[in-house]
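Hello,

Here is the structure I promised to pass on. Please open it and keep it beside you while you read my notes below.

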Amino acid sequence: MKTTASPKAPLPVPSDDHLEERSRRARTEPMSVLALGDGLYEIDSASDHTYLVDLPAGRCTCPDHVFRNARCKHVRRVAIEINEGRTPPPGQIAAPCHDCETAVFVDEDHSGPAYCDEHAIRPGDTVVDRETGDRLTVVDVSVLRADAVRIRPEGTTVAEYGTNESYDSDVPVVGAIYPHATVAKNGVVPESLKVYVFPRTRLEKAT
């Protein structure tokens with residue numbers, strides 16, 4: 001999965017500024033932070049040098065830490081960005097939302113596309129089938145992959161089904177129904193409430 005770095009820019013200084021010098025520089029100097037996983041962060045510093053921060057251990061490869069054993073501005077910058085939601089905490093990485101490219105934080109072992117809160121879908125949501133433009137209502141979002149779930153009676157996986165072949169095969173499947181049931185004199189026609197299964201990337205949240 002591709003990870004994204006925070007923008008290389010200074011951060012605002014609190015109005016009640018009583019910051020120690022290294023903390024002030026951690027905010028005012030333009031730096032970008034890239035989460036690498038396992039609590040490691042790559043810092044692109046204001047001087048265009050690149051340093052590695054091991055946040056759980058409180059270590060950095062910069063001279064200020066190596067030779068002075070100081071809690072340097074780079075370690076402080078990582079902590080600040082995590083607290084302000086600009087950089088993922090240990091155990092997570094930043095990835096672009098599949099639908100809008102906004103950076104979202106996901107677990108390090110996350111596979112498949114990521115979605116921001118605006119584009120994530122949940123049971124009860126209305127979605128649009130990218131293939132047909134039809135609107136459906138989500139009834140289930142599974143953890144099972146499209147290449148592992150079989151459709152009956154066709155016998156193919158969701159990923160192999162003809163109209164799904166151009167969509168990702170390693171993403172979870174989503175169960176959805178068409179929004180209008182067919183009602184006969186003796187009640188709802190069961191076929192009209194059939195749950196159809198789609199690869200997650202085939203569906204987009206309706207606006």
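Look at Leu 55 in this predicted model. Leaving aside neighbours within four places in sequence, Leu 55 is in contact with Gly 39, Tyr 41, Val 75, Val 78, Ile 82 and Pro 90.

Leu 55 also belongs to the largest nonpolar core, which has 14 residues. Among those with the most contacts inside this core are Leu 55, Tyr 41, Val 75 and Val 78. Strands S1 (32-37), S2 (40-44) and S3 (50-54) and helix H3 (73-83) each supply at least two of the core residues. H3 gives the largest share, three residues.

Four strands form an open sheet, in the order S1-S2-S3-S4, with antiparallel pairing. S1 and S4 (59-60) stand at the edges. Each has a single partner strand, so one side of each is left without a neighbour in the sheet. S2 and S3 pair over five bridges. Leu 40 has Asp 54 in S3 as its bridge partner.

Two loop residues deserve a look. Which phi does Asp 48 have, positive or negative? Asp 48 has a positive phi of about 70 degrees, although it is not a glycine. Asp 48 sits in the loop between S2 and S3. At 60% relative accessibility, Asp 48 counts as exposed, because the cut-off is over 50%.

Glu 101 is not a glycine either, and its phi is positive, about 75 degrees. Its place is the loop between S5 (92-96) and S6 (103-107). Glu 101 is exposed, with a relative accessible area of 58%.

Best wishes

Methods. Residues are numbered from 1 along each chain as its sequence is written. This is a predicted model: local features need pLDDT of at least 70, side-chain atom pairs count only at pLDDT 80 or more; totals for chains, interfaces and linings use all residues. Side-chain values use heavy atoms; hydrogens and water are left out. A nonpolar core is a set of buried Ala, Val, Leu, Ile, Met, Phe, Trp, Tyr and Cys residues joined through side-chain atoms within 4.5 Å. Buried means under 20% relative accessible area, exposed over 50%, partly exposed in between (1.4 Å probe, protein chains only). Contact means heavy atoms within 4.5 Å. Two strands pair if DSSP finds at least two bridges between them.
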